[in-house]
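Thanks for coming, everyone. Please have a look at the structure first.

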Amino acid sequence: MLTFHGVPLLGLGVGARSYTGVLDYMVGSVKPSMTEVADYISRAEAHALRPVTGFVLDDEEIIRKRLVLDTFDLDLAELDRFGYRDKAHLFEPILDAAEETGLLRRLGRRVQLTPEGFKYRDILSWMFFSDNVVQLDRDYYERLHQQNQRARKHMGTPVGISGIRTARAAS
């Protein structure tokens, strides 16, 4: 694993995203220009890569990330150090509904996706995203749409991207 200024660089390439336990960041852009690629190569050769965009995950976002990525087999007790018990009211209704519909099973405090849960894992994972992350996702894809003339021609504008709303956002 490469590091720059104390931050591990996990994704390689100008458009790669890197994740650590507490960071989500990029050292370039998703659709880089040739100039950005050249700048990235120069900075990489000079060992001078630095994040240009990203955010630090607070305890709630760390819990959400683990639920999104690890629900296939996750011991919720591992999340207690991030305050899971105090924030359980945000997640337990989702886990209960997933269990009731056969998407996951509980073994004590461990949750595991069922075969049906694996099938619908992407949909289930969206239920754990915070309103902030849903909005960041929506803004990002709407910005991409605005920059894509062909998409605007065929889909029109404005286009509603990522129409998922949480109960908190809907009320």
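The largest cavity has a volume of about 40 Å³. A cavity here is a set of points on a 1 Å grid, over the protein atoms alone, where a 1.4 Å probe fits but cannot get out. Points are joined across faces, edges and corners, and the volume is the space filled by probe spheres set on them. By this rule there is 1 cavity of 30 Å³ or more.

A word on the source. This is a predicted model, where local features need pLDDT of at least 70, side-chain atom pairs count only at pLDDT 80 or more, and totals for chains, interfaces and linings use all residues. Residues are numbered from 1 along each chain as its sequence is written, and side-chain values use heavy atoms, with hydrogens and water left out.

What lines the largest cavity? Leu67, Val68, Thr71, Leu113, Arg121, Leu124, Ser125 and Phe128 do. Lining residues have an atom within 4 Å of a point. H2 and H5 are the elements that give two or more residues to this lining. H5 gives the most, with 3 residues. Helices (H or I, at least four residues) and strands (E, at least two) are DSSP runs, numbered from the N terminus.

Stay with H2. It has 12 residues and reaches 16 Å from its first C-alpha to its last. That is close to the 16 Å expected at 1.5 Å a residue, taken as 1.5 Å times one less than the number of residues. Leu67 and Val68 are among the buried residues of H2, and so are Glu61, Ile62, Ile63 and Arg64. Buried means under 20% relative accessible area, with a 1.4 Å probe and protein chains only. At the N-terminal end, aspartate 58 caps H2. One of its side-chain oxygens lies 3.2 Å from the backbone nitrogen of glutamate 60.

Now the open space. How much lies in the largest pocket? About 1,200 Å³. A pocket is an open set of points with protein on both sides within 12 Å along at least five of seven lines. Of its 33 lining residues, Arg17, Tyr19, Asp24, Phe55 and Asp137 are the closest to the centre. Elements giving two or more residues include strand E3 (17-19), strand E4 (23-26) and helix H2 (59-70). H6 gives the largest share, 8 residues.

Last, threonine 20, in the loop between E3 and E4. Buried or exposed? Threonine 20 counts as buried because its relative accessibility is 17%.

Note on methods: Buried < 20%, exposed > 50% of the residue type's maximum accessible area, 1.4 Å probe, protein only. Polar contact = N/O pair within 3.5 Å; in protein donor to acceptor, adjacent residues only side chain to side chain.
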